[in-house]
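Here is a short note for a colleague opening this entry for the first time. Please keep the sequence and the 3D view side by side while reading.

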Amino acid sequence: MENLSYIPNWAKKAIIYHIYPLGFFGAPKFGKEENIIVNRLAEIRNYYEHFQKLGINVIQFGPIFESISHGYDTIDYMKIDHRLGTNNLFKEIVGELHSLGIKVIVDGVFNHVSRKFASFKDIQTYREKSWRKHWHFIDFSKDNPFHDGFNYENWEGHYDLVKLNLKEKDVKNYIFSVATYWLTQIDIDGWRLDVAYLINSEFWREFRQICKNAKSDCFLIGEMIHGPYTEWVGPDLLDAGTG
């Protein structure tokens, strides 16, 4: 039998309930449709009794960071989407769920960002002179459908989703700081990592070390579509993989 001692004990018996917050709480399709903070996340308190009746012990939140639309087009990893509330509100909810014996996992979309992400906006403004041009895969000799005057790698042909260069030290350190913040300051219990199969195993090896140093019993689960899964999952990589 395979040794699974590297997986947190609580995760081995996890009954996970997945919520896509922007849809579950009826947020507008686009963030620009609201200019104020709306604490929709607070509505989850109406479901605490229901969660307990279901017998779940983990809630996995879909994307909750500031984004343009669906949550996978991140604007700011350090901020709860204003359509959902604030960091402080989410921290309160995490604490309340913990008091009910429920762990919290958050969706980490670290492969790509939106066109409004700070590094990409800097490239739009300063082009070759941008100090962040290495944060993405930019080709200044070509154009893109938005006519920025340069081309860039994206997620599966979707130019709204700009690929991050996770091999660059500055980018990695930034993402690592994001992961550490939510684990230590907001006290989440793990990450569900979007399109983990598109990101090289060396990044996940470093990511694991950072996260486990921040919270030793955190759970790291990556989205997988094609094998071999051992390329991304194992004692020194992610704890688990799922479709």
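1. Ground rules. This is a predicted model, in which local features need pLDDT of at least 70 and side-chain atom pairs count only at pLDDT 80 or more, while totals for chains, interfaces and linings use all residues. Residues are numbered from 1 along each chain as its sequence is written, and side-chain values use heavy atoms, with hydrogens and water left out.

2. Strand β11 and its partners. Helices (H or I, at least four residues) and strands (E, at least two) are DSSP runs, numbered from the N terminus. Two strands pair if DSSP finds at least two bridges between them. Strand β5 runs parallel to β11, with 4 bridges joining them. Here V106 stands opposite W191 of β11. β11 also pairs with β12 (residues 219–223), again in the parallel sense and over 4 bridges. W191 faces L220 across that pairing, standing opposite it in β12.

3. Faces of β11. In a regular strand, side chains alternate between the two faces of the sheet. For β11, G190 and R192 lie on one side, W191 and L193 on the other, and all are buried. Buried means under 20% relative accessible area, exposed over 50%, and partly exposed in between (1.4 Å probe, protein chains only).

4. D107. This residue sits in β5, which spans residues 103–108. Is D107 buried or exposed? D107 is buried, at a relative accessible area of 1%. Its side chain makes a polar contact of 3.0 Å with the side chain of R192. A polar contact is a pair of N or O atoms within 3.5 Å; within protein, one must be able to donate a hydrogen and the other to accept it, and residues adjacent in sequence count only if both atoms are side-chain atoms. Beyond neighbours within four places in sequence, D107 is in contact with residues including F61, Y72, W191 and D194. Contact means heavy atoms within 4.5 Å.

5. Two backbone angles to check. Most residues other than glycine have a negative phi. D187 is not a glycine, yet has a positive phi of about 75 degrees. D187 lies in the loop between α6 (169–184) and β11 (190–193), and is partly exposed at 34% relative accessible area. V195, also not a glycine, has a positive phi of about 35 degrees. V195 is placed in the loop between β11 and α7 (201–214). V195 is buried, with a relative accessible area of 2%.

6. K172. This lysine belongs to helix α6. K172 counts as buried, at 15% relative accessibility. Not counting residues up to four places away in sequence, K172 touches L166, K167, F203 and E206. K172 and D143 are 29 residues apart in sequence and 27 Å apart in space, C-alpha to C-alpha.

7. The largest pocket. A pocket is an open set of points on a 1 Å grid over the protein atoms alone, where a 1.4 Å probe fits, with protein on both sides within 12 Å along at least five of seven lines; lining residues have an atom within 4 Å of a point. About 220 Å³ of space lies in the largest pocket. Its lining includes F30, H70, R115 and D160. Which element gives the largest share of the lining? β10 does, with 3 residues. The lining divides into 3 nonpolar, 4 polar and 5 charged residues.

Methods. Grid points are joined across faces, edges and corners, and a volume is the space filled by probe spheres set on the points. Ala, Val, Leu, Ile, Met, Phe, Trp, Tyr, Cys and Pro count as nonpolar, Asp, Glu, Lys and Arg as charged, and the others, Gly among them, as polar.
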